Structure formats: C-alpha cells, structure tokens
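I opened my notebook to two topics today.

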Amino acid sequence: MRKFEARPVRRVSGTAAVPGDKSISHRALMLSGIAEGTSEVTGFLAGEDCLASLTAMRALGVKIERRSANHVLIHGVGLHGLRGADRALDMGNAGTAMRLFTGLLSAQPFDSQLIGDVSLMKRPMERVATPLRAMGADVRTRNGTPPVDISGSRKLHGIDYRMPVASAQVKSAVLLAALYADGATTVTSPAICRDHSERMLASCGVRVDIDGLRATLHPPMALAAQRLNVPGDFSSAAFFMVAGLLGATDEGLLIRNVGLNPTRTGLLDILRSMGGDIEILNARDSGAEPVADLRVRASALRGVEVAATLVPLAIDELPVLFIAAACATGETRVTGAEELRVKESDRIAAMSAGLASLGVAHSVLPDGMQIEGRGTGHAFSGGEIDSRGDHRIAMSFSIASLRAAGSIVIRDVANVATSFPGFVDLAGAVGLDVRESAL
Ligand code: S3P
C-alpha cells in the first residue's frame, strides 16, 4: 500500500499545468473509435482510468497508436466496426468508463462483460441499466452492481428518458446507445450536469438538439473523425486553486490551460462567493470546450451556504471545498450532495473521518456536511487519515498541509494515478512538500 506524507508548508508560487481532462479523454477514445477515419488527440490524460478505456477500445478491435503518453491516434472502425472482446473488459477504478461502455456495448452485435476493482464492483449500475433496458437492451447487473453483463444483437429504439439524478454518466450512456437506435432519443436531466458528450458528438457531426435540460440525439449514418486538444482537467486544477487561496505568494499561483466548461465550474463560483480571488486570464476555446488560465491569490475565506444548483456543477470538487471551508471564517454548509456517497468512496464518510482525525469540527448530514471554519492560522492538527483508496480524498488532504500544525499522513494513495499522474511532482514544483512511499 502507498502513503503520502504531506509536511506543513506555508506558501505556494509559480505556474502549474494540470493533466488533461478525464471526462473528455474517455469520450475521445470512445467516439473516435467508432468514427470514420483517424482521430488525433493531444493533451490526452494518461491516467489509469482513461488507460482502462484505451485498453478496452483496443480489445474491441480499435487500433490506437500512442505517439507519446498524451498524444494518441485512434483509427476509427466506424459505427458498426467494433468486434467482441475475448474476455471481460476491466474498467479498473473508472465509473465513467464502466457506465459509458455499458451504453456503447448495449448496441453491439456481440456480448460483453464489464468488471472493475474492489471500489467499482460496489458502485450502482442500475442507473444506466434501467434506461438502456427501456431502449430494448439486455443489460444485467448483480444486485445492482457489477459485473455488468450485456447481451448483444438487440434492436434498440429511441426513448424519452427523464433521469432521476443529474448524472452525466447516465446521460452519456443513453446517448451512446442512442447512436444506434431506430429513432431520436431525448434525455432530460433534473439539473445541469456536464455536457462534454453533447459537445463532442456535435463535433463529430452528430445532430444533438439542446433545449434547456433536454438533449435530443438523432441517430447518424456515421461519425466524423476529430482533431482534439484536451484541456487541463478543472477537477485536477481544483486542488491547486484551493492551495493558491490558502497560501499563494503575492504574485499569485498561475494555473495554465484549465477547461472552464460552465457545467464544471461550480467550485469557481463557490470559492469566489467565499471571498476567493481567482482571476480568469486568456479565455479561449479549445475545439468545443472553453479554456483559460487562472491566477489565484491568497484570500481570507468566509464560510457560505452552498446553493443546491451549484452542487452538480462541483460534485467532484466538494472534498477539496471541505478543506477550504475548514480554513474559512464561519460555517460552510453543503446539502443536496447525496451523490457523494456513491463515488469512488463514500466521500462524505471519508472526508468526515479525515476532518475528525485532524481536529476540524463538523457535522455529517445525510446529503452533505456542515463545517466549522477555523479562520486564519492552523485549521488542521497533524495526524493520519485514510483516503479509502479514493484519489480525490488523498489529494484534498495533501492541500490541507498549507494550514496544518504537523505532518498529515495519508494512507492508500495509489489511486491518485487514476486521474492525476504526476500529482506529487507538480505539488512539489509549486512549493508543497508531499512525499510518497510504501506504507
Ligand atoms: C463524470 C460524471 C460525474 C463525475 C465523474 C465523471 C463524467 O459522475 O462525478 O467523475 O465523465 O460523465 P455522475 O454522472 O455519477 O454524476
């Protein structure tokens, strides 16, 4: 087992460029794989989650060349060119891969089985199986969790589906299956959630009509290959945004090339409402996605009540928001975030246990948390916490070292490599002192 020791530091400075966006990298592999011709993707996230998708696409007959770690050429086989894998497809820790592949594979003329690591094998899959069955797919789970067994050769039809939760993974799984249906499919979300699939499908020439919270896909004859430069992952930048607010030197911490898709930037709005000084520089587009650089300055944060509408737009960033909240003056309250309980870990329980070990007063709510900010000065004692194998918990507590009285030892950190290869080095480059070793 691997651990981090995050030693107390006071200051961060300089420039950080975070790795490519995980959500976009998964989608790039899948859509390019079923497009006509060769797609070129730069800025690809070479994290374990996306590599699980890459390996799965290869097992399904797609030739993928890696020019370098982050530069891939995907030779599309066309909408009807995938072939069955000769064994179960292992999605590792990647919920996005498992859910999106369930949609894509539901529409194929062959059978498939999807498996994953200990965490993924416990995560809910009926949320994708239910709408796919309504389309005519044959998808089976084991008591709601993986393995996911898919029988092929089912004729799919278009549906009008209202999602009970605002999940981009569910929406994307349905839209992927809908590429093969015999009519249009509409997915309606109860709230805004990330729209990378809709944007990339449109870039590949697929007609997707957006009407508020409704997305309607019209099945295409073919998808066009794409040339894509994946923006830096906002969710990875989030750790450095909070680090900058807690300890940037006067010139600020610059985070370059961050994807600022408005369905992802809830944390930016929340941190600004807490008094965080985050400047957006050089705003531009990278293909279908908005991108910018962020200059973050040290700021005295105030606790806030987080608006429910911002929760789905910040869902992956809530663990590091809890760290910021512990360093604010006053109380921060997050509700409506019950989805945190079914992520790579139960993130409410994992954050609560870690905050308790480091002396932060808080109350756990069924769907969120209330945190008593400690204001300026030390917000955390030193101590030991367990990331529960969850990359975002491990990285969040690393950032706490900027306001800690002693070292924070974080257990079970190997999964940081699922989303953020090079985290320790980048943290070190801006002034954090995070050391990785065997436990
Ligand atoms: C993702 C959607 C979100 C997010 C996950 C990535 C995606 O999950 O938490 O990290 O790429 O579609 P849900 O769809 O479960 O909200």
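My entries on the helix pairs and the ligand follow.

**Entry: the model.** I note at the start that this is a predicted model.

**Entry: helix 4 and helix 5.** I looked up helix 4, residues 126-134, and helix 5, residues 168-178. They pack at an angle of about 30°. Their axes are 9 Å apart. Angles under 35 degrees count as roughly parallel. Helix 4 and helix 5 are therefore roughly parallel to each other. I noted a right-handed crossing where helix 4 passes helix 5. Which residues meet here? From helix 4 I listed R127, V128, P131 and L132. Across from them, helix 5 brings Q169, V170, A173, V174 and A177. By class, this contact holds seven nonpolar residues, one polar and one charged.

**Entry: the ligand.** I then turned to the residues around the ligand. I wrote down S23, R27, T96, R99, S167, A168, Q169, R194, I315, D316 and K343. A polar backbone atom of Q169 is 2.9 Å from an oxygen atom of the ligand. For D316, I found a polar side-chain atom 2.6 Å from a ligand oxygen atom. K343 has an N or O atom in its side chain 2.6 Å from an oxygen atom of the ligand.

**Entry: helix 9 and helix 11.** Next I took helix 9, residues 318-326, with helix 11, residues 391-399. Their axes come within 8 Å and cross at roughly 20°. Helix 9 and helix 11 are therefore roughly parallel to each other. Their crossing is right-handed. In helix 9, I marked P319, V320 and I323. They meet R392, I393, S396 and F397 in helix 11. I sorted the residues of this contact into five nonpolar, one polar and one charged.

**Entry: helix 7 and helix 11.** How far apart are the axes of helix 7 and helix 11? I read 9 Å, with a packing angle of about 15°. Helix 7 covers residues 234-247. Helix 7 and helix 11 are therefore roughly parallel to each other. Helix 7 passes helix 11 in a right-handed crossing. On the helix 7 side I listed S235, F239, V242, A243 and L246. On the helix 11 side I listed R392, M395, S396 and I399. The classes here are six nonpolar, two polar and one charged.

**Entry: R392 and S396.** I went back to these two in helix 11. R392 and S396 are among the residues that meet helix 9, and they are also among those that meet helix 7.

Notes. Residues are numbered from 1 along each chain as its sequence is written. This is a predicted model: local features need pLDDT of at least 70, side-chain atom pairs count only at pLDDT 80 or more; totals for chains, interfaces and linings use all residues. Side-chain values use heavy atoms; hydrogens and water are left out. Axes are lines fitted to C-alpha atoms, for helices over the stretch in contact, and angles run from 0 to 180 degrees between N-to-C directions. Helices (H or I, at least four residues) and strands (E, at least two) are DSSP runs, numbered from the N terminus. Angles under 35 degrees count as roughly parallel, over 145 as roughly antiparallel, 65 to 115 as roughly perpendicular and the rest as oblique. A crossing is left-handed if the near helix is turned anticlockwise from the far one by less than a right angle, and right-handed if clockwise. Contact means heavy atoms within 4.5 Å. Ala, Val, Leu, Ile, Met, Phe, Trp, Tyr, Cys and Pro count as nonpolar, Asp, Glu, Lys and Arg as charged, and the others, Gly among them, as polar. A residue is near a molecule or strand if one of its heavy atoms lies within 4 Å of it. A polar contact is a pair of N or O atoms within 3.5 Å; within protein, one must be able to donate a hydrogen and the other to accept it, and residues adjacent in sequence count only if both atoms are side-chain atoms.
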